[in-house]
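Here is a short tour for anyone who likes to look at a model residue by residue. Please keep the viewer open while you read.

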Amino acid sequence: YLLCASGDFVKMYSVATEETLRLLGGHADLVTGVQLNPHNHMQLYSSSLDGSIKLWDFMDGIPIKTFTVGCKLLALYALASYEDVLFVVVPESAERDTFQLVSVKLPKAAGQDVEAKEMSVVLHGVDASPKCIAFGREGEYVASVKEFNLQVYFFKRKQLNRFSVSAVKTKSGKNHFTCIACHPTEDCIATGHADGKIRLWRNFHHKRDYTYSTLHWHHDAVMDLAFSVEGTNLLSGGVESVLVLWQNGSDCQKDFLPRLGSPIEHISLSPDGALCCTLHTDNRITIINSNLRFSKSIQGLIKSTDVKTGLVVDPRTKALVLNGEPGHLQFYCLQSDQQLFSLDIVQRQYIHQAGLNQTDLVKVAFSAQGKWLATVEEREDVTDPELQLKLWFYDEETQSFKLNTRINMPHEDHITDMCFRATDEVEDDSLILVTAGRDCVFKVWVMVEDTDPEAQQSVSWSCDFVGSYHNYQAYNCCFSEDGSLLAVSFEETVTVWDSVTWDLKCTFCYPPGKIRNICFGRLTCSKYLISATDYGFLCCWNLLSCALEWSAHLNILVLQPDPLSEYMAAVSWLSKESSLFVFKPNEPRPTYVQRNLCKEKIQLAAFVPRDEPEVIGSEKYLWLRRSQLFFLTDTQELMTLSTKSLEERLTPSSKQLAVEESLPVTPFSLLLGKHRQQQSQEDTDLGKLVVRNKREQDSPAVKELLHTPAHVLPSASFLCPIFINSLLISKENKSAEEVPDEVEMKSEKTEDDSDEERDVTEMEQEDTSPVELLGEVTCKLSKSQEKELRKIRKMDYSWISAF
Amino acid sequence: MATYKPVVVQAFPKLGEKITQDTVYWRGYKTPVQIKEFGAINKIDFSPIPPYNYAVTASSRIHIYGRYSQEPIKTFSRFKDAAYCATYRDDGNLLVAGSEEGSIRLFDISGRAPLRQFDGHTKPVHVVGFLSDKYRIFSGGDDYSSNLWDIPSATEIVSYSEHTDYVRCGCASKVNADVFVTGSYDHTVKLFDARTKHSVMTIEHGQPVESVLLFPSGGLLVSAGGRYVKVWDVLKGGQLLVSLKNHHKTVTCLCLNSSGQRLLSGSLDRHVKIYSTTSYKVVHSFNYATSILSLALSPEDETIVVGMTNGVLNVKHRKPEERKEKSQKKRQPTYRTYVKGRTYMPKQEDFCVSKPVKRVLRKYDKLLKSFQSSKALDAVLEPPIRLCTPEVTVAVMQELHRRGTLRSALAGRDEKQINLLLTFVARRVIEPRFTPILVTVADMITDIYQPVVGQSAIVDRQFLKLQEAIGKEIDYQEELLEVLGMMDTLFATFTRKKSTCLEKNKSNGLTETIETNRN
């Protein structure tokens with residue numbers, strides 16, 4: 001098994017199958033440290049920022065004890081030689097940025113919650129990172145690094161030795177310490193430095209006569225170090241995403257495992273030394289064999305530095321598509337919390353080096369049936385930015401996308417938006433792609449038959465039309481639902497084009513602010529065009545009368561139409577909180593408002609169609625019937641809105657509000673243990689059986705029949721019709737009763753699932769009352785402004801007609 | 001886990017003509033053989049029977065050439081003045097030719113002296129030919145008349161004087177022995193039937209007719225005159241089917257290939273165009289040194305012979321194709337051993353051990369994999385890569401630039417290597433597909449080696465060459481921009497709807513930046 005701290009939980013993964021086996025939840029804040037109990041390897045200590053240490057039986061997922069310490073715990077260490085003593089890093093009370101290592105004596109009191117107040121300070125002035133402290137052989141000494149200083153404290157002699165390296169600023173960076181590891185059997189300390197050097201310290205018992213040797217391979221900071229169990233090998237990793245194995249501490253004998261995908265953050269070894277695992281900055285764990293062969297990887301939603309592509313839904317798999325590894329596109333399945341696959345778009349070697357401009361994926365668009373995929377990649381460069389537009393065709397045989405056309409420099413400048421024309425017809429000859437660029441034009445790309453007999457493919461894409469408007473930069477483009485109209489926004493103006501003849505039909509202008517977002521209404525509202533501007537206006541234009549229908553003063557960040565209904569979701573950013581407005585374009589009053597959605601800025605949103613429409617009772621949530629709304633915030637957390645009440649929502653089968661913690665970086669410490677897993681599986685099987693048995697005894701008639709003694713009963717011929725009738729009725733009832741019943745049972749099981757979920761629902765309930773009030777205010781505002789706008793619009797038109 | 005990804009070499013679409021089956025077919029000729037004749041070659045005619053000798057009429061002589069000989073097999077030189085239009089009979093035994101003095105002579109292929117002489121035309125006879133019954137000859141002369149002669153008696157059967165200008169071309173129908181057409185400078189093509197006293201049909205071409213051709217089926221007629229090639233439907237009473245205007249000078253000769261699928265036309269504009277007879281689109285074209293007067297294609301399209309105004313005969317033979325099959329046969333056994341066991345299907349109980357497929361990396365990829373940027377650049381500057389596939393060189397340079405190591409890879413080179421680099425850059429920097437990256441390279445080279453300029457004459461010369469190349473390109477781009485501006489104004493006046501011109505000034509801005517850097 002592999003145990004790993006993730007947000008407020010400790011997750012347990014199977015090394016063999018990469019599955020998440022168990023989720024240990026109970027901490028109220030970020031889990032900072034995980035350590036196996038050295039005296040009982042079925043138990044686990046975990047520490048959290050909420051100031052408590054929990055002892056778990058991780059095989060059964062039961063918390064055994066909770067020790068309350070009282071202050072923030074930043075790292076946790078357990079040693080075999082000290083029973084009942086744990087070492088934790090806590091902030092020093094006086095100052096904010098200094099930390100100290102203290103030992104906590106765990107009282108042997110009975111009961112679940114125990115207070116542990118017996119603390120003794122071991123070291124002052126340590127670093128907050130758990131990587132900066134290591135315990136030496138048999139727990140004889142503890143070594144800690146901070147900036148340019150190395151401290152070694154010997155427990156027996158109570159002696160503290162300090163060493164320091166002279167601060168040298170070289171080209172590649174400073175040489176301060178970044179991490180430390182102690183040899184398991186010898187007196188040897190390995191330290192990693194920010195300039196890529198590894199120093200091996202020996203003979204540090206004496207203040208003067210210490211020696212060190214240097215190993216240098218990394219060109220950037222060494223992120224983590226680990227000694228193998230026997231101490232013969234040293235593993236190191238860094239930004240280069242190469243795992244380096246140093247043999248016998250010598251400079252010449254080393255092995256590499258290159259191209260692990262992303263920078264290595266942590267390295268951890270299993271107690272028996274058979275496996276090694278590396279944690280990466282992009283929310284991934286790689287498991288590596290002892291002979292340095294890649295074996296498995298555990299990955300959820302891969303975190304990338306910047307989700308430039310936006311959230312896109314693959315029409316074929318209903319998976320969420322966004323930036324994955326650099327240059328890759330990840331297809332993330334929301335139901336199973338797994339990455340379906342990762343598509344290599346850039347197809348170039350990624351060099352892990354700071355300060356390099358790498359090619360990255362910026363735009364993604366799917367055609368309506370998911371048969372074509374268009375991607376844009378670009379490389380920022382001062383002199384010559386590289387741009388490539390690629391079109392991929394879904395190959396049914398290989399079940400993956402195949403590169404069809406590559407277009408170099410489709411625009412002179414960055415591409416701002418891209419969309420396919422959504423056609424319902426199966427034949428896709430009429431497929432049209434539109435790209436809008438900052439070089440003041442939008443381009444229309446169409447498929448052309450290839451006449452060349454030597455070409456491998458029959459179709460390719462080429463440019464059909466280039467349109468521009470007054471040399472303004474094009475920002476957004478959008479096709480109407482039936483594909484007959486194309487709207488392109490040029491700075492402050494929305495232009496509407498006929499998609500057959502490419503004639504400019506009309507323009508809408510709304511002077512203050514550039515246009516951020518445009519979209520057409522759907523279904524019954526298809527005659528409306530919605531746009532959001534920089535200075536906080538949301539306008540709705542009627543395409544039939546070419547007039548402004550309504551507008552509202554809202555600072556809209558995200559505007560997202562639901563592809564299956566006429567509703568639209570708009571996320572606004574007002575005074576440090578995001579609010580969600582759901583509205584129909586044909587009525588200015590929002591159908592649903594949620595204030596305080598979250599504290600972070602919401603960057604992106606997407607509607608994901610449900611497999612089957614959900615039955616929703618309340619009027620308020622009607623808009624969520626056909627699809628589900630997902631958000632991605634600044635800190636790369638993926639959230640969704642849920643409609644169900646508290647009990648219903650906690651069904652384990654549908655993990656609503658699975659706030660995917662994409663924050664793996666912080667204080668992970670990690671352990672590896674190998675045990676059998678059969679037990680847990682049996683457990684779950686038993687649980688299901690019990691549920692089934694209970695259900696069968698639901699009908700009261702049957703119960704009565706079975707429980708009355710035989711001698712009191714009337715004759716069998718009299719009982720028979722009653723019995724049969726009861727059975728019949730019970731079946732009818734079942735359909736109604738079954739659902740809540742089942743839910744209750746399961747909710748019991750998972751009640752402790754997450755505190756966060758509960759918080760959000762509470763928030764929802766509180767919000768219902770002020771929502772109506774606020775909604776009215778915005779409406780009034782909008783009406784007064786509407787008049788102003790009409791004036792402006794009239795002026796605007798006269799200006800245009802002059803041309 | 002990801003493996004090393006090799007450098008992507010950008011494939012650029014080939015500009016210019018697309019490769020079709022026709023281009024492949026018509027390109028399959030060897031380099032031409034040039035034979036100098038005494039005067040302008042007015043007619044080439046292939047013998048219809050093997051070994052397909054051909055008669056070339058030039059000046060006062062008729063030469064007969066064999067397939068591979070560059071010297072004439074036989075010469076008929078009994079003309080006082082120019083001879084015209086030597087034509088074979090269907091059986092390849094007789095040859096008839098007109099002449100400047102107005103007489104028509106009939107030769108036996110084996111003999112030297114003419115068998116018959118037909119006198120009757122008062123002006124030069126430019127066109128003669130056999131009717132398909134083999135016993136009659138038609139002719140057209142500058143006296144505006146078209147005559148029909150009987151061979152055995154050497155007498156005139158009938159004389160039509162319906163044309164109002166010189167008769168310069170003609171053709172007999174292969175289907176009907178009585179039908180022939182003549183084309184004249186009076187802009188008409190007339191169809192005659194030997195059984196009637198007058199022309200059966202008159203087709204107005206519109207320009208002086210230089211050449212006419214009847215299709216083997218006899219249903220279609222092709223006439224060439226002026227810049228036009230026109231196809232007429234004879235059976236529908238001379239209705240115009242299609243008019244082709246692909247030459248920009250007078251079309252002088254027409255020819256069908258052996259299958260009748262392609263029509264060839266030669267013109268004074270030095271081109272031979274090949275049309276498909278189904279779509280009448282140009283499928284291929286040949287280019288010659290001077291204006292073309294006559295053109296002929298041997299049966300089976302084995303040889304194309306073109307005669308020109310300066311008396312040069314251009315002969316192209318088809319490349320033999322048998323050789324490829326032989327070499328394949330030879331390789332077969334080795335191939336069989338190579339695939340031995342590959343087709344073996346594993347049984348269910350078999351334990352399969354799969355061998356990891358080893359990917360072969362190119363040399364520069366291996367060096368890039370191990371981050372040896374300088375050596376990688378050396379590897380792609382080796383002659384075969386640099387000369388044959390410059391896109392690989394540029395792709396590696398781009399990859400180095402992407403890695404930020406291009407500067408260090410370029411630095412620290414000796415005189416010879418700089419010379420090599422600069423030659424490459426100066427030669428390729430003007431190619432639009434390489435311009436962006438090579439501008440950066442040139443920029444870096446000038447930056448790095450600025451302190452040592454003047455120490456080596458060779459390098460200095462290369463720098464000057466680079467400057468010259470860039471200067472030329474800038475001038476060229478300026479001219480193009482001027483043309484573009486003129487075209488824009490023209491388009492603006494003609495139509496209100498803007499046509500989308502391709503912008504050709506892409507590289508202009510970039511080259512200007514380097515120019516400023518260099519000065």
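Beyond its neighbours within four places in sequence, B:Asn257 is in contact (heavy atoms within 4.5 Å) with B:Trp26, B:Arg262, B:Leu264, B:Leu297 and B:Asp301. You will find B:Asn257 in the loop between strand 22 (251-256) and strand 23 (262-267) of chain B. Helices (H or I, at least four residues) and strands (E, at least two) are DSSP runs, numbered from the N terminus. The side chain of B:Asn257 reaches the backbone nitrogen of B:Gln261 at 3.2 Å. Along the chain, B:Asn257 and B:Ile304 are 47 residues apart, and their C-alpha atoms are separated by 9.8 Å.

A word on the model: it is predicted, local features need pLDDT of at least 70, side-chain atom pairs count only at pLDDT 80 or more, and totals for chains, interfaces and linings use all residues. Residues are numbered from 1 along each chain as its sequence is written, chains are lettered from A and ligands numbered from 1 in the order in which they are written, and side-chain values use heavy atoms, with hydrogens and water left out.

Now to a loop in chain A. A:Ser270 lies between strand 25 (264-269) and strand 26 (275-280) of chain A. Its side chain makes a polar contact with the side chain of A:Asp272 at 2.7 Å; such a contact is a pair of N or O atoms within 3.5 Å, where within protein one must be able to donate a hydrogen and the other to accept it, and residues adjacent in sequence count only if both atoms are side-chain atoms.

How many disulfides does a search of the whole structure find? Zero, over all chains, taking a disulfide as a pair of cysteine sulfur atoms within 2.5 Å. For A:Cys179, the nearest cysteine sulfur, that of A:Cys132, is 7.3 Å away. The sulfur of A:Cys277 is too far for a bond, because the closest cysteine sulfur, in A:Cys276, is 6.4 Å from it.

The table gives burial for the residues discussed; buried means under 20% relative accessible area, exposed over 50%, and partly exposed in between (1.4 Å probe, protein chains only).

| Residue | Relative accessible area | Class |
|---|---|---|
| A:Cys179 | 0% | buried |
| A:Cys277 | 0% | buried |
| A:Ser270 | 2% | buried |
| B:Asn257 | 8% | buried |

Finally, a helix pair: the axes of helix 6 (residues 390-403) and helix 8 (residues 415-428) of chain B come within 12 Å and cross at roughly 105°. The contact is made by B:Pro390, B:Thr393, B:Val394 and B:Met397 of helix 6 and by B:Leu421, B:Phe424 and B:Arg428 of helix 8. Axes are lines fitted to C-alpha atoms, for helices over the stretch in contact, and angles run from 0 to 180 degrees between N-to-C directions.
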